[in-house]
Amino acid sequence: MAEDLTITTSTDKEEQYKSLIPQIEALLYGEADLVANLANIAAALKEQFKWLWVGFYIVKGGELVLGPFQGPVACTRIAKGKGVCGGAWEQGKTLVVPDVDAFPGHIACSSASRSEIVLPLFYNNEVVGVLDADSENLAQFDEIDAKYLEQVCALINFNG
């Protein structure tokens, strides 16, 4: 298993994902530890895209609890239905928010965050966590991010 990433300098977002996803697959190959895998995914995404924050929240005891991440300190717990993360959990679908200030009930874990994408993580058809990414730029995330980040989420094995 290689622990080095080849960072694509292309400005084409799709090319960046197409280069990164096989590398994430290689990082996960043969590793059963969930925390280790989530940490490496967060690091790989942060290194490639230079987003403000990227990480995971895991459903524990009826709320989202902070998991492995890269970026500034974050909210530790989020209730179901609250903010973008809680909304993606409750709705079971990807939420792309071009301007977090316009999102009703947005939780500002970092005042520098301007846009966000949150993807639910499924195990046995149940949401067990979310992948969250924040950017300092408005409208950073779009359907291309949703498409490829959903592929990244599908690589995560919650079965151990």
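Author: The expected span of a helix is 1.5 Å times one less than its number of residues. Keep that rule in mind for this predicted model.

Reader: How many residues does helix α1 have, and how far does α1 reach from its first C-alpha to its last?

Author: Helix α1 covers residues 13-28, which makes 16 residues. Its C-alpha span is 22 Å, close to the 22 Å expected at 1.5 Å a residue.

Reader: What is found at the start of α1?

Author: A side-chain oxygen of Asp 12 comes to within 3.0 Å of the backbone nitrogen of Glu 14. After α1 comes Gly 30, with a positive phi near 80°.

Reader: Which residues of α1 are buried?

Author: Use the cut-off here: buried means under 20% relative accessible area. In α1 the buried residues are Lys 13, Gln 16, Tyr 17, Leu 20, Ile 21, Gln 23, Ile 24, Leu 27 and Leu 28.

Reader: What do the buried residues of α1 pack against?

Author: They pack against α2 (34-49) and α4 (143-154).

Reader: Now α4, where Asp 145 is found. Is Asp 145 buried or exposed?

Author: Asp 145 has a relative accessible area of 1%, so it is buried.

Reader: Which side chain makes a polar contact with the side chain of Asp 145?

Author: The partner is Tyr 17, at 2.6 Å. Tyr 17 is one of the buried residues of α1. The Asp 145 side chain also reaches the backbone nitrogen of Asp 142, at 3.0 Å. Leaving out residues up to four places away in sequence, Asp 145 touches Lys 13, Tyr 17, Trp 51, Ile 117, Gln 140 and Glu 150.

Reader: On to the strands. How should I read side chains along one?

Author: In a regular strand the side chains alternate between the two faces of the sheet. Then look at burial. In β6 (residues 126-135), nine of the 10 residues are buried, so β6 is largely enclosed by the rest of the structure.

Reader: How many bridges join β1 to β6, and how many join β5 to β6?

Author: Six bridges join β1 (residues 53-60) to β6, and these two strands run antiparallel. In that pair, Gly 55 stands opposite Asp 132. Nine bridges join β5 (residues 115-123) to β6, again antiparallel. There, Ile 117 has Ala 133 as its bridge partner.

Reader: How many residues lie between β5 and β6 in their hairpin?

Author: Two residues lie between them. Asn 124, in the turn, has a positive phi of about 50°.

Reader: What is phi of Ala 139 near, and where does Ala 139 lie?

Author: Phi of Ala 139 is near 55°, a positive value in a residue other than glycine. Ala 139 lies in the loop between β6 and α4. At 52% relative accessibility, Ala 139 also counts as exposed.

Reader: Which loop holds Ala 112?

Author: Ala 112 sits in the loop between β4 (95-97) and β5. At 30% relative accessibility, Ala 112 counts as partly exposed. Ala 112 and Phe 122 are 10 residues apart in sequence, with their C-alpha atoms 29 Å apart in space. Setting aside residues up to four places away in sequence, Ala 112 touches Leu 52, Ser 135 and Glu 136.

Reader: How is empty space found?

Author: Rolling a probe the size of a water molecule over the atoms shows where empty space is left. Here, a search of the whole structure finds one cavity of 30 Å³ or more.

Reader: What volume does the largest cavity have, and which residues are closest to its centre?

Author: The volume is about 180 Å³. Of 19 lining residues, Ile 107, Cys 109, Glu 116, Asp 132 and Asp 134 are closest to the centre. Asp 132 is the residue opposite Gly 55.

Reader: Which element gives the largest share of that lining?

Author: Helix α3 does, with three residues. β1, α3 (83-91) and β6 each supply at least two residues of the lining.

Key: Residues numbered from 1 in each chain as written. Predicted model: local features only at pLDDT ≥ 70, side-chain atom pairs only at ≥ 80, totals over all residues. Heavy atoms only, no water. Buried < 20%, exposed > 50% of the residue type's maximum accessible area, 1.4 Å probe, protein only. Helix = DSSP H or I, 4+ residues; strand = E, 2+ residues; numbered from the N terminus. Pairing = 2+ DSSP bridges. Contact = heavy atoms within 4.5 Å. Polar contact = N/O pair within 3.5 Å; in protein donor to acceptor, adjacent residues only side chain to side chain. 1 Å grid on protein atoms, 1.4 Å probe; cavity = no way out; pocket = protein on both sides within 12 Å on 5 of 7 lines; lining within 4 Å. Points joined across faces, edges and corners; volume = space filled by probe spheres on them.
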